[in-house]
Amino acid sequence: MFTFGVLVLLMFVSYRLPGQYFSFVPSSKSQLNFRNDIIESDDLNIIRDFYTFNGGGVGVGDLDSDGLLDVVFTSTHRGIRMFRNLGNMRFEDRSVASGLVINDTLVNTGVLVAELTGDGLPDVYISRRYSSNVLFVNNGDGTFRRDSTSPVVIHAYTTQAAQIDYDRDGDLDLFLVNSGEPRRQGYLNPGINDRLFRNDGGGVYVDVTAAAGIVDKGYGLSASIGDVNDDGWPDIFVGNDFEERDKLWINQRNGTFVNRATSQMPHMSWASMGSDMADLNEDGMLDILSLDMLPRSNYRRQTQLGGMSIFGPFFDSLQRVQNCYFLNRGDGQFVEVGQMAGVAATDWSWSVLAGDYDLDGDQDLYVTNGTKRDMGDQDYSYNLRSKGVSSPKEASMAMPTSPQKNFLLVNEGRLRFRSDTSDGLTAVPQVSNGAAQADLDNDGDLDIIVNNTDAEAGLFENRVNARPFSVRLKGDLSNPDGIGARVTFVTSKRRVVREVYASRGFQSTSDARLSIGLSDGEDIDSVVVLWSDGRRSVHRGFTGTGYHTIDRRAASSDVAQIAPRPLPMMSRLADSILPFVHRENAFDDFKRERLIPFRYSKDGPRMAVGDVNRDGLEDVVVCGAKHQPTQCFVQRKGGTFVSIDCGLNEAIESEDVDVALVDIDGDRDLDLYVVTGGAEFSAGDDELADVLYLNDGKGQFTRSTTFDGGRDAGSCVVPADFDGDGDVDLFVGGRIVPGKYGQPARSVLYRNDKGTLRDVTDEIAKGLSYIGMTTSAAWVDIDRDRDLDLVVVGDWMSPTIWRNTAGRFENVTSSLVPANMHGMWSCVRAADIDADGDQDLLLGNIGLNCRFVPDASNPIRCRMADVDDNGSVDHILSQGMDDRDMPIRGRFILLQHIPTLTRQYITFDSYARASVSDVLATYDTTGMSTMLVQQYASGVLLNSAGRFDFRPLPDLAQVAPIMEMLPQDFDADGDVDVLLIGNTRTADADVIGFDGGMGLVLRNDGSGQLSPLTVTESGLVTFGEARDVVTLRRVDGTRLLVVSRNSAPAHVYALPAGK
Amino acid sequence: MRSLRASEKPYFRVMLLMKRFLLGMAVLTLLLGRATASDGVDGTALVHSWNRLIIEVIMEDGFGPPIAARIHAYSNLAGYEAARHADPAFRSMSGMLNGFTGVVQPAADSVYDWRVAMVAAYQTSCSKLLYRISISDSLANVHFGDLAKVVPADVFQRSKAYGISVGKAINVYAKADGYNRTQGLPDYEWPRCDSCWMPTPPNFAKPLSPYCGRVRTIVLKSASEFPVPPSIPFSKDRRSAFYAAAQEVLDISRSLTKEQRHIAEFWNDNPVVTAYHGHFIFNSRQISPGGHWMNIAQQIMSSKATPAVGCLEIYSKLAFALFDGFTACWQEKFRGNLIRPVTYVNQYIDKSWEPFLQTPPFPEHASGHSTITAAAAEVLTSYFGDVPFVDSTEARFGFGVRSFESFRAAAAEASISRLYGGIHYRRGCDAGAEHGASIGKAVLDRVRVRP
């Protein structure tokens, strides 16, 4: 707990204490009296169009060239309105006078205020659902005319338009993100393809969608633009609602884009809505926020989702019901850290904007929230008859409204955001949709205008007291605001990277100017601008306050060259070097035990390295799942690996989860011990018997007929000579008893008696055999007495330490390991991390990027008993919330397993209020057992004189479960660095997966301080369910790093890079 | 008929009020206003009100058809066993039902009020069968309150205690049928093959009650006692009989008359229909096929003024026929696992075709509605003969009123409605009807409570 205390302290000193930044400006003062009233009718309702309640947008721009930003609102079916900014937060309605009028009642969506015709004046582009988009061209005198002939005036169910200089010719091209007509129920219906128009100057646009390779027929709700891979060319993120995946269009620098969403992002939101792109952690790389609709409070989560997930007919394991925070780790490769950062759940969210609202230097987030009709209300949906409604239309009309408070998520650093519920911006529950941030009073901070459904628009004046440094980019007539420029502020303390884009969030256009907050004593050294066409300008010597104009004419005439990057630590090689593809068999543990938190049928593949065929070269043995043999990949002279028939090809019925290459029979070749596991069998099945294969000396394995392995599902085999007699003994971990989750499986110590493995567990290590649901173990001399002690870790257990005293083992955990260390430990490795001469323990856990994270006072519990006496064990998962132990799983799934509970909890509302003791009140709980966890952080148990202190690994190592760690001196500086891999998609249907990571290298500074490397530094990018990592020596002396992955090809890296 | 409909509307008003816990005695008097008994509380009306309540709560709770039939069966058995003593001509069903050895007998020298006992038995059994038991408890309290005014206190208490003991005995009997255990089984893994059922659009829901065929039947010796006429052998061949059968479903679906549409909707009886509109999911509830026939029975018994114990007998035997019909049919459905028309047609004939009705989530052969409908028609015909009747069950769902020459004619229409709805092949309807008639006859044959 010592470490947690330190963390809390750090949090408090690292940000300024919050104050009331925003104050509401009532329309009586501002005259900004716009309302988006959505009046349902026979033509406009949720049955006719499920996007009826998406709401309107907000666009800002200086439409009359008076230096103040004016505002345009879209209304769902009552046209648009324009308000002229009179200064001092006062506005006047100039819609009719300016000609910015739409008289029909068709649905409007987004508004883009931008220069579109080449005359340097902002025009207005309104996106529409059931008719052509509308282009209003600025006449230059404060009035506008409709241009119906422009090629960009098309009907495409457009949600919003965004500008991008994708060809870097200096003028701005136009990207339209489109949705589609209402879908036929239950069928996959493609929407309308997004469109890209190339600007050929002077308002001449050419549709280049097909030529650019843009193919996306999803129901697009937002697009965010920026250079995510730092190559100087803008890329596009598109958020798609429903099944169609989001897109990450990487600019190929030749007029085309390639979608890299699934190869550069670990997963994505399911019902993606608004999005924004910004450098949120100040590492100079653009991150992406994408919204969904996961509720924040337990009550809302239980009543809105009810335990229902997207696990259905169109299930896609890459999509999640949560906001995603894609953290750029370099080269446009993203990890997803939404849960850990505290931004994953903002309920029915529409717009997200990143801005430095408190002007403390880093960017905060503003998220709008609410829906006119609470479609997610499960009680409403499932109990409609009680309310006397019979038709869907009637039902939709009678549905309650769900106003919600908007979110101000304050950036606290260290990848954490705090929801500030005290600010004026978040005070009133409303249904809020599009929003814009803009400095309406030119005082250098960001004010906010939000378009509300059935209420007046919100105007919030920012009154933060701080030191803004503000710039306005001045480009040429075709791009007067410098859209697409990357601006780097170099201050006396740091570098701040921003990119200039105005079409952001949801259906809205924000201020294109930039302000950063300076701390006390911080000064601007220079501002470096990389303009959209690739030219560079550097600006210095700023004096005075207010907006500094940065003129493009100062830019060099040459396109700036991006400096080549140094080689990373390692480089990915073609998979064909070691062509292993793991094929997991289809098995769904949740059909057998609905309420367990994880599946145990996807545990492999692990690997073992050794010279199988005694040709002097290291080979690899890789585990196969059920229906796939474990395979020997033998190293050839060229340093490639070929799968040979080494005698294992017939053994395909078992799920092999771990292997060890060791000489068991003392004949100086490597024999093979195979641990079998998986949940697809039953305890006692022959498929669960571990197998010992003996090597004939030439790399051919024959199954030992004398060895009879246990019949529980195993986890690991760890060889060592624990009795010091010169041969190799084994620890074999037990994982689960299939179908009986929670029961410990049997772990075994095998003593090697002249080639015979003898189970001596109960003789020499009392209590070890049923220690728990183990995952991993390590032999390590913890007390420097020159014999090997045993460390065993697993699910729902503390790391346990067994001290070896003259060949007998005693559990000494309680005296050596801190309290409250029960975790979901997935691996343990020994290394001297702090270079003090003794062995420390590296421990992989599930990590902190989880919806539910336990601690000592709020542990996560799993209670187990067949409470309803129907023959199946009921697993009740819970966590303390506000001092009550509340069920984690939803009503749907719990009642499916315990149907009689329905009698107690007719409604989702009543269930959402119930604690575990309420739930179990009427049941017989005799014989109920409980497991618990208090620690989800991965970390190091630092050895100090035989006792251990726990130190969590850095935050970036907590992004995903760590499945394996490799302590090695990767940078050859004499200390032990740590490479870790992980992710899993075995979680229950609510969560689906913990797979936000991509692997990570932590560099040791020599004193035990571990710092994460970026992708550009390490070269390590392995998404998916990585299960094991090994290094081996190639014939040419270089090394290979092999990462095995479940249900996927193995990844191979060269160490060092370039070899 | 007129008096029944007159009582329908106030009844539903009562239902709503009960849900809000605002039930007043004045409304109750309205409900039971037709009372004919000398003391003002008509036992027959109580029987019918319990059956209406059960139908309503089943809809609220959203039980699937087989489980709904199980609720009808055991609740009415409890009611019958508790109240049969009101007419000495009626025997216990002990020995006539699988595993049923009767209930505790009332004390020979004591006086009972069989209405009180019956209400207590209904309430006790409903407390284990239904989910929204606050509604059944409310109805029981209303009935008890009314009866307490006209029944001496000692008789009332004795009768209530007796009724509770009967209800508990029936609960033990019901639990032993194995249904409870089927809920503890792993999720059903449906086989995959060309001819196999697979989840159907638009919900692609998991199969409904896949283990119901394993539950003990009440009257049939076993779920497989009567063979189900086989389906047409599966084939993908365009010249095959199976293809032709699917083509027939498609052809009929494309040329549905107004009358055929009405018939399909009238007999749809799909308890939960889910419609998706983006993020808005609408779950509408309807009466189940069994509930539809329980309601038809109520209409005919009311019009014929069937006395209370007779009503209990008919409700019970009808419910047994429904329950055994579903159990036997479900066993065959999950044994044969035949592909639904929507899946076959979309795959081999017309990939964009949608049937007129939403396909319920279980295999095709044979039609469950055809099965239970034929069984129900046999039961009702044996009591009332081939009489014309008017069915207004569906009026409140917006599907109007239909008149029929006889119960068997209604059954035939219900059966073919599944073909019109595009959810069954003609063979599946015919096979179900044939199977169901055997089941109905067996129930009549084996459960004889009057000499």
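**Before starting.** I reminded myself that this is a predicted model.

**Entry 1: where the chains meet.** I looked up how many residues each chain brings to the contact. Chain A gives 30 residues and chain B gives 31 residues. On the chain B side, I found that helix H3 (43-61), helix H8 (179-182), strand E1 (272-277) and strand E2 (280-285) each supply at least two residues. E2(B) has the largest share of that side, with six residues. I then sorted the side of chain B that touches chain A by residue type and got 14 nonpolar, ten polar and seven charged.

**Entry 2: a helix pair in chain B.** Next I turned to helix H11 (residues 289-304) and helix H14 (residues 368-384) of chain B, whose axes come within 10 Å and cross at roughly 15°. An angle under 35 degrees counts as roughly parallel, and H11(B) and H14(B) are therefore roughly parallel to each other. I noted their crossing as right-handed.

Which residues make this contact? From H11(B) I listed B:Pro289, B:Gly290, B:Trp293, B:Ala297, B:Ile300 and B:Lys304. From H14(B) come B:Gly368, B:His369, B:Ile372, B:Thr373, B:Ala376, B:Leu380 and B:Phe384. By type, the residues of the H11(B) contact with H14(B) are eight nonpolar, four polar and one charged.

Leaving out residues up to four places away in sequence, A:Val791 touches A:Ala777, A:Ala778, A:Val780, A:Pro799, A:Ile801, A:Val828 and A:Leu841.

**Entry 3: one serine.** Last, I checked B:Ser127, which sits in helix H5 (residues 114-129) of chain B. Is B:Ser127 buried, exposed or partly exposed? B:Ser127 counts as partly exposed because it has 17 C-beta neighbours inside 10 Å; being buried would take 20 or more. Setting aside residues up to four places away in sequence, B:Ser127 touches B:Ile133 and B:Ser136. I also looked up B:Asp137, ten residues from B:Ser127 along the chain: their C-alpha atoms are separated by 8.0 Å.

Technical notes: Residues numbered from 1 in each chain as written. Chains lettered and ligands numbered in written order. Predicted model: local features only at pLDDT ≥ 70, side-chain atom pairs only at ≥ 80, totals over all residues. Contact = placed C-beta atoms within 7 Å. Helix = DSSP H or I, 4+ residues; strand = E, 2+ residues; numbered from the N terminus. Nonpolar A, V, L, I, M, F, W, Y, C, P; charged D, E, K, R; others polar. Axes fitted to C-alpha atoms, helices over the stretch in contact; angles between N-to-C directions. Parallel < 35°, antiparallel > 145°, perpendicular 65-115°, else oblique. Left-handed = near helix turned anticlockwise from the far one by under 90°. Buried ≥ 20, exposed ≤ 12 C-beta atoms within 10 Å, placed from the backbone.
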